[in-house]
Amino acid sequence: MTAETARQIVLASRPKGKVTPTDLRLEETEIPAPGPGEILIRVDYISLDPYMRGRMDDVKSYAPPVAISGVMTAEGVGTVIQSSHPDYVEGNIVLAPTGWRSHALSKGVGLRKLDPAFAPVTTALGVLGMPGFTAYAGLFNIGRPKPGETLVIGAASGPVGSLVGQLARDLGLRTIGVAGGPEKCAYVMEDLGFNACIDHRDPEMAAHLATACPNGIDIYFENIGGAVWQAILPLLNTFARIPVCGLIAQYNGAAKSGDDRLPQTMRAILTRSLTMRGFINFEFAEHYPEFLATVGPRVADGTIRYREDIVDGLENAPEAFIGMLEGRNFGKLIVRLAH
Ligand SMILES: NC(=O)c1ccc[n+]([C@@H]2O[C@H](COP(=O)([O-])OP(=O)(O)OC[C@H]3O[C@@H](n4cnc5c(N)ncnc54)[C@H](OP(=O)(O)O)[C@@H]3O)[C@@H](O)[C@H]2O)c1
């Protein structure tokens with residue numbers, strides 16, 4: 001062991017609207033000692049994901065909230081440094097539900113061993129992890145893509161959006177991204193090969209979307225909600241499918257973007273026979289091996305590209321997380337821990 005103490009970030013208070021730095025608190029604790037059958041993981045990377053904003057609120061949801069003074073939830077990649085578990089030895093690299101902390105105990109539940117020769121281990125938090133699987137599961141199970149159709153995807157430079165778009169591109173769909181700012185849009189078109197990318201901060205966003213989708217939209221993979229949904233709604237074709245994956249524009253409770261379009265949304269669902277279907281990735285968990293077998297080799301050979309935004313230091317996780325909710329990350333947001 002190289003560190004004297006363990007560090008963790010806990011929820012100090014429930015945010016009122018936007019998360020502020022004082023809602024999260026860095027604490028030092030003793031490095032825990034593994035009991036019988038347990039392993040001790042030195043956490044090397046933690047994943048920061050939009051869903052964590054929901055865990056900060058005490059509301060009914062698909063998962064319970066983090067308690068006040070509880071360690072923030074996260075998946076991490078780490079190295080086993082002590083083990084009395086029969087399946088793990090020192091030096092194993094694992095994906096684990098670690099939380100925002102430098103050292104985590106585990107009984108081996110929910111762990112996946114990682115092989116750095118297969119792909120960089122950080123990909124298990126992004127393109128080959130939960131976000132990538134979300135893209136794959138939502139696109140194929142709900143989106144049901146067909147060549148020649150038009151797909152629109154928001155947060156297009158991030159781990160979910162970038163994979164949805166590249167899978168659709170390879171199937172022969174017209175693929176349109178929505179992203180924040182010219183730099184992200186250039187990456188989405190030039191590096192990821194989307195047909196077009198619309199900057200949602202551009203006041204002419206709705207007009208640019210209409211121009212980019214001359215045949216309407218057959219699949220809108222919803223990651224955003226708010227103003228982008230309002231621009232999408234008039235463009236949806238009859239029988240369009242809408243996997244409702246995320247609503248990040250609403251997570252800080254600040255998406256009051258003008259008119260309430262609920263009546264128009266309901267009318268469009270009826271008159272255009274739309275299928276809107278919310279999902280949380282784990283409902284499709286049985287497809288995980290097929291996802292890894294399909295997407296893994298394509299990440300390895302470079303036909304599927306991904307981008308990571310790596311921030312150093314657990315102490316910088318709160319600011320990075322706050323930034324992600326405002327679009328300041330560029331690629332899968334990961335915190336690298338120093339030991
Ligand atoms: N259902 C599930 O199981 C599941 C699983 C994983 C993720 N998700 C959802 O998928 C979405 C993308 O997740 P991710 O991990 O790939 O995130 P990400 O792209 O790495 O980061 C979030 C991005 O959202 C965009 N954003 C933030 N506020 C916005 C706003 N007001 N309007 C438009 N865009 C905004 C920003 O990108 P720009 O700068 O480009 O706008 C930001 O970089 C999120 O909604 C997340 O909750 C759902």
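The buried residues of helix α3 pack against α2, β8 (150–153), β9 (174–179), β11, α8 and β15 (332–336) in this predicted model. Helix α3 is mostly covered, with ten of its twelve residues buried; among them are Pro159, Val160, Leu163, Val164 and Leu167. From its first C-alpha to its last, α3 reaches 17 Å, close to the 16 Å expected at 1.5 Å a residue. Just after the helix, Gly172 takes a positive phi of about 90°.

Helix α8 (residues 288–300) is one of the partners of α3, and the buried residues of α8 in turn pack against β7 (112–113), α2 (130–143) and α3 (159–170). This helix has 13 residues and spans 17 Å between its first and last C-alpha, close to the 18 Å expected at 1.5 Å a residue. Its buried residues are Phe291, Leu292, Val295, Gly296 and Val299. An α-helix has 3.6 residues a turn, so residues three or four places apart point the same way. Just after α8, Gly302 takes a positive phi of about 85°.

The structure holds eleven aromatic pairs. In the pair of Phe221 and Phe279, the ring centres are 6.2 Å apart and the planes stand at 80°, so the arrangement is edge-to-face. Because Phe221 lies in strand β11 (residues 217–221) and Phe279 in the loop between β13 (275–278) and α8, the pair ties together parts that are 58 residues apart in sequence. Phe221 is buried, with a relative accessible area of 0%, and Phe279 also counts as buried, at 5% relative accessibility. Phe279 takes part in a further aromatic pair, with Phe284, which is tilted, at 6.1 Å centre to centre and 55° between the planes. Phe284 counts as buried as well, at 8% relative accessibility.

| Pair | Centre to centre | Angle of planes | Arrangement |
|---|---|---|---|
| Phe221 and Phe279 | 6.2 Å | 80° | edge-to-face |
| Phe279 and Phe284 | 6.1 Å | 55° | tilted |

Elsewhere, ring pairs link Phe133, Tyr136, Phe140, Tyr288 and Phe291 into a cluster. Phe291 is also one of the buried residues of α8, and the buried residues of that helix pack against α2 (130–143), among other elements.

Charged side chains also meet aromatic rings. The charged end of Lys113 sits over the ring of Tyr88, 5.1 Å from its centre, while Arg307 lies over the face of Tyr187, at 5.4 Å from the ring centre.

At the level of domains, the protein is divided into domain 1 (5–125 + 307–336) and domain 2 (130–281). Their C-alpha centres lie 29 Å apart, and the contact takes 20 residues from domain 1 and twelve residues from domain 2. Between them the domains bury about 1,300 Å², 61% of it on carbon and sulfur atoms. Arg307, Leu325 and Phe330 supply 33% of the area that domain 1 buries against domain 2, more than any other three residues.

Definitions and conventions: Residues numbered from 1 in each chain as written. Predicted model: local features only at pLDDT ≥ 70, side-chain atom pairs only at ≥ 80, totals over all residues. Heavy atoms only, no water. Helix = DSSP H or I, 4+ residues; strand = E, 2+ residues; numbered from the N terminus. Expected span 1.5 Å × (residues − 1). Buried < 20%, exposed > 50% of the residue type's maximum accessible area, 1.4 Å probe, protein only. Contact = heavy atoms within 4.5 Å. Phe/Tyr/Trp six-rings, centres within 6.5 Å; stacked < 30°, edge-to-face > 60°. Lys NZ or Arg CZ within 6 Å of the ring centre and 35° of its normal. Domains from an automatic or database assignment. Buried area = accessible area lost by both parts, 1.4 Å probe.
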